[in-house]
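Visitor: I am new to this structure, and I would like to learn how to read its helices and sheets. Could you walk me through a few features?

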Amino acid sequence: MRWNGVNDERWRRAGGAVLRVIAVWAVSTLTMLALAGILPDFRLQAEDGDTITRTAFTAAWGAGAFGLLSALVWPVLVRALLIVPALVLGALVFFLNGSLLLIALWLIPDGRGDANPETAVVVAAVMSAVASAASTALAVRDDDAYRRRLSRLADRRRRRSGTPRSADGGRGGPPGIVFVQLDGVGHHVLEQAAADGLMPTVAGLLADGAGHRLTPWTTDWSSQTGSSQLGILHGSNFDVPAFRWFEKETGTVMVSSRPASALELQRRAIARTHDGGLLTVDGASRGNLFSGGAGQLALVLSMAARRGKGRRSRAGYFAYFSDPANAVRTALSFVAEVGREICQSVRARVRKESPRVKRGGLYPFIRAFATVVERDVVVAAVIGDMFAGRTAVYADLVAYDEVAHHSGPHSRDAEKVLTRLDRSLGLILKIADHTPRDYRIVLLSDHGQSPGETFAGQYGLTLKDLVRAGCGLPVPRRAQRTRSASEARDAVRIALHRPVAGEQEAEHPAAKPSDPVVLASGNLGLLSFPDIEGRATREQIDQRYPALLGTLAAHPGIGFLLVRSRRHGSVVLARGGAEIPLAELTDGEGPMAVFGPGAADAVRRTDGFPHVADVMVNSMYDPGTGGVHAFEEQIGSHGGLGGEQSRPFLLWPRTLTDPLDALAADTPREAAGTRPAGSPPAGPVGAEAVHRVLARWLRELSGPQVPLRQEGFTGAMRADVPFPGGPADAGVPVRRADAEVPVHRADAQDSGDAVPGPRG
């Protein structure tokens, strides 16, 4: 059966190749016919004319002969002319291409094809361009052809950099490491997708003897990319209570997906840790909210507003689309994805699927941007980094997260996105065989997603409406939509130089200074009173709005509240009049009973943040269905406690130290503190713990982490060199060793070659 399956696959690939050749031949034939009708000195007929059928046959003969000559003779000619200076060879290309066309016309029977030399050059150039575009479009999903192209590019880069391969194909120097973040993919979702055959690449990594292990890890209370990725890349997510929050001292709303906010959060993290980040040594940051201290940046949100070469968020797009083949491939996939989303949305409406949110307007294009454009650009950048031999690469693929928000984390739409992401992962793993150094591939996620009807859809009013009602303020008759947090949506706005969502609310968070500011981060809500200096106490809130806290705590859609009391310190309020001092809060009891191990500690940690909201509101969680109620327009959400959103995954090579062992070895006292008494969570607890694990793995592979100079210097160097996006920019001192250390780097600077992008 295995033999038959292998042969069936070979026949399928062979058949596909034959069909592509026939299709390109047909397109070339039509192009030749069109040019014969347009150009006066190009003829495909006898002197006295021919029938349409005869003319078409002549065009097909000429197109086929030109294609064969281009495939067979052109490589020989180029190899023979390698000694010719590049400038002269560039001019000869047109002459040689036109000569091949004249030979093809001469091969047409009965002398029906004819063109003068100047016209032949034009016809050959147009036909080559059309055939190349058609071949590229048809090979969008041809992995073998794409890998051959990557291999040729790798060989060119290796020869240019002078990096030799050993006789047995091994690479010199310490291995590099590539971290690929599958945004929003929870541990359970990944396991199930691998078991169901949706992600064969991941399933192969998890197979017995394949060399990888999988474990969940537990997020902080704020289970969203801004908090998790800041902690993972920069080692600290202190004072990040949510995706967006209000800061009273400045009167502004911080939004994790705003470039200015992301840059400020990065600066604060560097100032707190006195370290530039995970990627300070020959690192690359691709598609992330934060730089991680990397010198090579593409589509990094925190650097979107920075000036200077290499600092612009859109630079990655220009580098990717400079290759016309990338543009054709991605444009076709983009159009297909827009059509796919429209069809899926219509199908959901026709079937009256529930829960369901609106998916019209610009959303199909935003989804296509996240699932096609950003994916292709980021994967191509990672491929380029691996070809360049960089030490550490961290890339974020946001496709699943975007689709799961609007279609649901367990929907068919989201499953199809997982399959396409798996193909991108397979490509990264396969091209590692052609890179100038060995690589260890680590997959991880920043959070999961929990399903459920929105709060407004379930109860007919938003959290803001409920707060205003509890305060005795006017409430709109119709529930207004709450702005949805979406990194992909904001990335599109940045790419188009449009204001990012949240900028207006940052300037005008409340209609009146006395009105409460209500913000949403998935199923986590934040309530602040701008005119009360510092953190408002329960007593102050009760005096001003006696019914507010009771209204919120008693609502069936709310799990618990966190508020500070002047008499008892911070307390947790819940239904039934529950009031538990934070010091006495435990997992498995009272309001925390359904939220799982580590929930109480997560709430306690957030309570110590300077910018924790006056009232923190976590939605209800149903352990039977795994559902929560998002305070935004999302049927798959994350941001608070409850269900799969708090259980992302970490998939790592067995050759690296087990995460818990790494934590115990590096920080025994802290590691013990990350494993609460009772029933401890499996795997690391908190994004900062994940940072320590990844940093440990980097040290295991490459030795002590020392930032590189940016002028392409290779060899020993001082350890106190500033680097972009790091402590020098933040204006804080950084701990570095004074010793000189050897640095392995195959290609210190980008070569400038356009890297082929992934297939759709």
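Visitor: How do helix α14 and helix α15 cross, and within what distance do their axes come?

Guide: Axes are lines fitted to C-alpha atoms, for helices over the stretch in contact, and angles run from 0 to 180 degrees between N-to-C directions. Helices (H or I, at least four residues) and strands (E, at least two) are DSSP runs, numbered from the N terminus. Here, α14 (residues 399–407) and α15 (residues 412–431) cross at roughly 175°, and their axes come within 9 Å. The two helices are therefore roughly antiparallel (the term covers angles over 145 degrees). This is a predicted model: local features need pLDDT of at least 70, side-chain atom pairs count only at pLDDT 80 or more, and totals for chains, interfaces and linings use all residues. Residues are numbered from 1 along each chain as its sequence is written, and side-chain values use heavy atoms, leaving out hydrogens and water.

Visitor: Which residues of α14 and α15 meet?

Guide: Contact means heavy atoms within 4.5 Å. From α14, Ala-399, Tyr-400, Val-403 and Ser-407 meet Asp-413, Ala-414, Val-417, Leu-418 and Leu-421 of α15.

Visitor: What is the strand order in the open sheet?

Guide: Strands of a sheet pair through backbone hydrogen bonds, either parallel or antiparallel. Two strands count as paired if DSSP finds at least two bridges between them. In this open sheet, seven strands with mixed pairing follow the order β4-β21-β10-β3-β9-β7-β8. Its edge strands, β4 (212–216) and β8 (296–298), each pair on one side only. The twist from one strand to the next averages 15°.

Visitor: How many bridges join β10 to β21?

Guide: Two bridges link β10 (residues 439–444) with β21 (residues 649–653), and these strands run antiparallel. Leu-444 has Leu-650 in β21 as its bridge partner.

Technical notes
Parallel < 35°, antiparallel > 145°, perpendicular 65-115°, else oblique.
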